[in-house]
Structures are given as structure tokens and as C-alpha cells.
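Please keep the sequence and the coordinates at hand while reading.

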Amino acid sequence: MDKGLALRNVTISKGGVPLLSVNHEIAPGEVLTVMGPSGVGKSTLLAFITGTLAPEFAASGEVWLDGHNITHAAPHQRRVGILFQDDLLFPHLSVGANLAFGLQPGGNAAARTTKIEKALDEVGLNGFSDRDPATLSGGQKARVALMRMLLSEPCGLLLDEPFSRLDAALRAQVREMVFDRAKARQLPVLMVTHDADDAQAAGGEIITLGD
Ligand SMILES: Nc1ncnc2c1ncn2[C@@H]1O[C@H](COP(=O)(O)OP(=O)(O)OP(=O)(O)O)[C@@H](O)[C@H]1O
């Protein structure tokens, strides 16, 4: 597979004790859901993909993203976007300034503004650029956090329990928006969740670590 995200014979151990092994490919626009009990290594697997594995762990195998072997790339060189359950916006900055953090530095100011406005438009937040994040609803904050991450133009998306702080109705709405936007960009998505509804909504393959 050229595009997408591939975990090739990935094994991770701690103190010589095997923790997990995964051999899986996620095609562009597809979602792989990773489930499993607490402590089984779900967040550790994400850390391996982002290049931020703690030194206590030893890993083998390869990570390929968008046709590149990124196993040994520096974290900032990996074009991996990640959303966590607590994706806080900078409270002292406007919505637009928060989004600007997603953009690559430099470039023409007018072009940057256009990208930010387009991003807001894409998630139904037209005209929100000057708003203070404290005045946004939970769902609106989640949409800004999503677009801030997507503005960095990732080639793959990792979700670490990103919906778990939202109530049921909002959760379904934000989840749908995340999957829709990822699909529109043909991004491979790896989602870690404890929630069966999240897994079902993702509509893709589900693997359970620790089985
Ligand atoms: N920085 C670290 N140093 C040493 N051990 C760690 C570190 N981070 C996690 N661990 C241990 O590694 C194992 C896997 O942890 P991990 O956080 O990946 O599990 P998880 O499946 O994501 O759990 P949860 O569902 O509770 O988030 C656990 O035994 C944990 O205690």
C-alpha cells in the first residue's frame, strides 16, 4: 500500500515483557478502531506512531505513512495529526489566532487569513475568527480544535478518546464531523476508544489489544 497508514509487524515491550503486537494497514479515508482494557498499551501504540515513545519501552517494526517509512523520523517531521479528549484552545487567543497555530509558519498574511476563514466555514463557524474561545459551546470548541489540527495538513489522523468528555448528543455530532472531514481529505484514521458507539460509528475494522 502506498498511501494510508501501515503498522508493519509492530511489537512493543516494557522491561523485556511483551506489551502488544500489531500488523495492520489503514487505507486512505478508512478508520481503524483500537479497543482493549485499560493499561493494554493503546496510548503507547499512538506514542510509537507519533515518535514519542517513552524510553522505558522497546519497539520493533515499522510505521509507514503516505508512502514514507516514518519509523525513525523526528516527531515534528511526521505528518500525523492527533486529537485528544482534552484538546484545549489557548484561552488568551481569539479563535482565529488559535487556528493560526495549525498553519505552517511564514507565508503571506492574506493567504493565512483566507485559510483560517475557509476552515471556519468548513465546520459551520463562519465569522467566528475574532471570538474569545470562552464564549464557545463545547461542540464549537471541538470543531475549532479539529480544524486547528487539520490546518497542519496531516497525512494521517490519530484519535485518543477524543469524544469522551462530550455528552451523548454532542458526541455523535462531533464524531460525525471528525469522520466526515477526515474522509473528505482521504486521511487514514486510527481511533482509540472504550466506547462501543464510537467504534460502530467509525464503520471500519475494530481490533482489540490484549486478546
Ligand atoms: N511513560 C511510561 N513509562 C513507563 N510505563 C508506562 C508509561 N506510560 C504507560 N506505561 C505503562 O505501559 C502500559 C500501557 O499503558 P497505556 O497508557 O498505553 O495503556 P492504555 O491501553 O492506553 O490504557 P488506558 O485505556 O487506561 O488509557 C501500562 O502498564 C502503563 O502503566
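## Strand β3 and its partners

In this predicted model, Thr33 stands opposite Met191 in β8, a pairing that belongs to the set of 4 bridges by which β3 is joined, in the parallel sense, to strand β8 (residues 189-192). Strand β9 (residues 205-208) also pairs with β3, again in parallel and over 4 bridges, and within that pairing Val34 has Ile207 as its bridge partner.

How many residues of strand β3 are buried? The count is 5 of the 5 residues in the run 31-35, so the strand is largely enclosed by the rest of the structure.

Val31, which is found in strand β3, can be examined in more detail: 25 other C-beta atoms lie within 10 Å of its own, and because 20 or more are required for the label, the residue is classed as buried. Leaving aside neighbours within four places in sequence, Val31 is in contact with Phe179, Val189, Met191, Ala202, Gly203 and Gly204.

## The antiparallel sheet

An open sheet is formed by 4 strands in the order β2-β1-β4-β5, with antiparallel pairing. Strands β2 (17-26) and β5 (68-69) stand at its edges, each with a single partner strand, so one side of each is left without a neighbour in the sheet.

Strands β1 and β2 pair in the antiparallel sense over 8 bridges, and in this pairing Val10 stands opposite Val22 in β2. The two strands form a hairpin with 2 residues between them, and Gly15 in the turn has a positive phi of about 60°. Strand β1 (residues 5-14) is also joined to strand β4 (residues 57-65), through 8 bridges and in antiparallel orientation, with Glu62 in β4 as the bridge partner of Arg8.

As for Leu146, setting aside residues up to four places away in sequence, its contacts are Leu83, Val123, Met177, Val178 and Arg181.

The centres of domain 1 and domain 2, taken over C-alpha atoms, are separated by 25 Å. The contact between the two takes 8 residues from domain 1 and 9 residues from domain 2, and on the domain 1 side the residues divide into 6 nonpolar, 1 polar and 1 charged.

## Val80 in strand β6

Val80 is found in strand β6 (residues 80-84). Is this residue buried or exposed? Val80 has 24 C-beta neighbours inside 10 Å and therefore counts as buried.

Not counting residues up to four places away in sequence, Val80 touches Ile49, Thr50, Leu65, Pro154, Gly156 and Leu158. The C-alpha atoms of Val80 and Arg148, 68 residues apart along the chain, are separated by 13 Å.

Which residues surround the ligand? The shell is made up of Lys14, Gly36, Ser38, Gly39, Val40, Gly41, Lys42, Ser43, Thr44, Ala54 and Glu56. By class, these residues divide into 2 nonpolar, 6 polar and 3 charged, and the largest share of the shell, 3 residues, comes from helix α1 (residues 42-50).

The buried residues of helix α1 are Lys42, Leu45, Leu46, Ala47, Phe48 and Ile49, so that Lys42 is both buried and part of the shell around the ligand. Helix α1 is followed by Gly51, whose phi is positive, near 80°.

Definitions and conventions:
Residues are numbered from 1 along each chain as its sequence is written. This is a predicted model: local features need pLDDT of at least 70, side-chain atom pairs count only at pLDDT 80 or more; totals for chains, interfaces and linings use all residues. Two residues are in contact if their C-beta atoms, placed from the backbone, lie within 7 Å. Domain bounds come from an automatic or database domain assignment. Ala, Val, Leu, Ile, Met, Phe, Trp, Tyr, Cys and Pro count as nonpolar, Asp, Glu, Lys and Arg as charged, and the others, Gly among them, as polar. A residue is near a molecule or strand if its C-beta atom, placed from the backbone, lies within 6 Å of it. Two strands pair if DSSP finds at least two bridges between them. A residue is buried if 20 or more other C-beta atoms lie within 10 Å of its own, exposed if 12 or fewer, and partly exposed in between; C-beta atoms are placed from the backbone.
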